[in-house]
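Dear colleague,

Please find below the sequence and the structure that I am handing over to you. My findings follow directly after them.

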Amino acid sequence: MPVLDRGGITTAIAAITESLAQNPDYEIEILTNTRTLPEWAGFSDSVRLVPLSKRIRIPSLPGLRVEKTRQAIQISSGLVGYLRRKKPDVVVSFQAGSVLVIAAKIARYSGKIIIRESSTPSLASRFPRPILSGVKLLLKGWANRRADTVITLTPGSAVEVIERLRVSPGNVISIPNPINADRIGKRAAQTPEIPIPDMEEIPIIVWVGRFSPEKDATSAIRAFSMVLEQRQARLLLIGDGNQRQELVSLVNVLGISKHVTFINWTDNAHAYMAISTVFVNTSRFEGLGNALIEAQACGIPVVSTDAPYGPRMIL
């Protein structure tokens, strides 16, 4: 995958590879542009990181997203070399499945290809540039049809992969993300890094995610302003993303800033979940919704939009 970021995909990769690493017959390598494995995710010591990054210069052209283009070329170039050199038995794509299939074609790779669709293909392709959604779907379908297996997180996503991407039903399987309940329980028992005002006197509502359009924290803020018309409460918004300043501005416009606490991304959101009254999810779509499941593991009620397909299946 391109980057081991702070999202649910990285958490899932860590949990899956940790389980596979228990089998001594498996040699597990993670291919990415990242130079180190994030400590917070809990990767097994027996998992090896293989950086794919190469220094590539790309001219700046109108309408060309240079960084994204550079990243795709870096990954493709690195993958081709790795597949030719290492010849692994199986390659699993958690992101950039199209890049993997293209690289496999160039490298004449004959092993197994597994593509993991971690979101809702038709909806995810609309963000952040809706005009490219048709092209992205065509490319995604082309790649998925050439994979040996496509893994989705929910049966609903599996149906969409079969119907929208025209993948053979026999090549599609639904496997949800693993959740380490013991690890979540230990983190939930810890004291939050930032003290929360009035936590003993009023309800605490917690939202966790990326500040981006598909997560729709805007709806959480607007709904919370309506709650304040009825009673006192506090909203915790935990995460980061390019919409942060927009959300801060909305809170100020609504005049509710003293009731809302923004908390930067943390590797232990569970400590805040454990002290909260309710967890809210306002996503427009979700591959599964790890945070929603983790909130339930922390023992608090969940309120969610009827987002396809994870929240709809879980609740």
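Ser 77 is found in helix α2, where helices (H or I, at least four residues) and strands (E, at least two) are DSSP runs, numbered from the N terminus. With a relative accessible area of 29%, Ser 77 is partly exposed; buried means under 20% relative accessible area, exposed over 50%, and partly exposed in between (1.4 Å probe, protein chains only). Between the C-alpha atoms of Ser 77 and Val 99, which are 22 residues apart along the chain, the separation is 9.7 Å.

Please note that this is a predicted model, in which local features need pLDDT of at least 70 and side-chain atom pairs count only at pLDDT 80 or more, while totals for chains, interfaces and linings use all residues. Residues are numbered from 1 along each chain as its sequence is written, and side-chain values use heavy atoms, with hydrogens and water left out.

As to the overall picture, the protein has 12 helices and 11 strands. Of its 315 residues, 48% are buried. Contact means heavy atoms within 4.5 Å. Among contacts between residues at least 6 apart in sequence, 62% join residues at least 24 apart.

I turn next to the nonpolar cores. A nonpolar core is a set of buried Ala, Val, Leu, Ile, Met, Phe, Trp, Tyr and Cys residues joined through side-chain atoms within 4.5 Å. The largest one has 27 residues, and Leu 79, Leu 83 and Ile 113 touch the most other members. At least two residues of this core come from each of α2 (66-86), α3 (97-107), β4 (112-117), α5 (133-145) and α6 (155-164). Helix α3 gives the largest share, six residues. Another core, of 19 residues, lies apart from it and includes Ile 205, Ala 233, Val 251 and Val 260.

Leaving aside neighbours within four places in sequence, Leu 83 is in contact with Pro 88, Val 91, Ala 103, Ala 104, Ala 107 and Tyr 109. Ala 103 itself is placed in helix α3 and counts as buried, because its relative accessibility is 0%. Not counting residues up to four places away in sequence, Ala 103 touches Ser 76, Leu 79, Val 80 and Leu 83.

Helix α1 (8-20) has 13 residues, which at 1.5 Å a residue should span 18 Å, and its end C-alpha atoms are 18 Å apart, in agreement. The expected span is 1.5 Å times one less than the number of residues in the helix. The buried residues of α1 are Ile 9, Thr 10, Ala 12, Ile 13, Ala 14 and Thr 17, and what covers them includes β1 and β4.

The second largest pocket has a volume of about 1000 Å³. On a 1 Å grid over the protein atoms alone, a pocket is an open set of points where a 1.4 Å probe fits, with protein on both sides within 12 Å along at least five of seven lines, and lining residues have an atom within 4 Å of a point. Grid points are joined across faces, edges and corners, and a volume is the space filled by probe spheres set on the points. This pocket is lined by 37 residues, and Ile 28, Glu 29, Val 90, Val 91 and Val 92 lie nearest its centre. Its lining divides into 26 nonpolar, four polar and seven charged residues, where Ala, Val, Leu, Ile, Met, Phe, Trp, Tyr, Cys and Pro count as nonpolar, Asp, Glu, Lys and Arg as charged, and the others, Gly among them, as polar.

Finally, some backbone details. Most residues other than glycine have a negative phi, and most peptide bonds are trans. Ala 96, in the loop between β3 and α3, has a positive phi of about 60° although it is not a glycine. Asp 216 likewise has a positive phi, of about 55°, and is placed in the loop between β7 (204-208) and α8 (217-227). The peptide bond from Pro 308 to Tyr 309 is cis, with omega near 0°.

With kind regards
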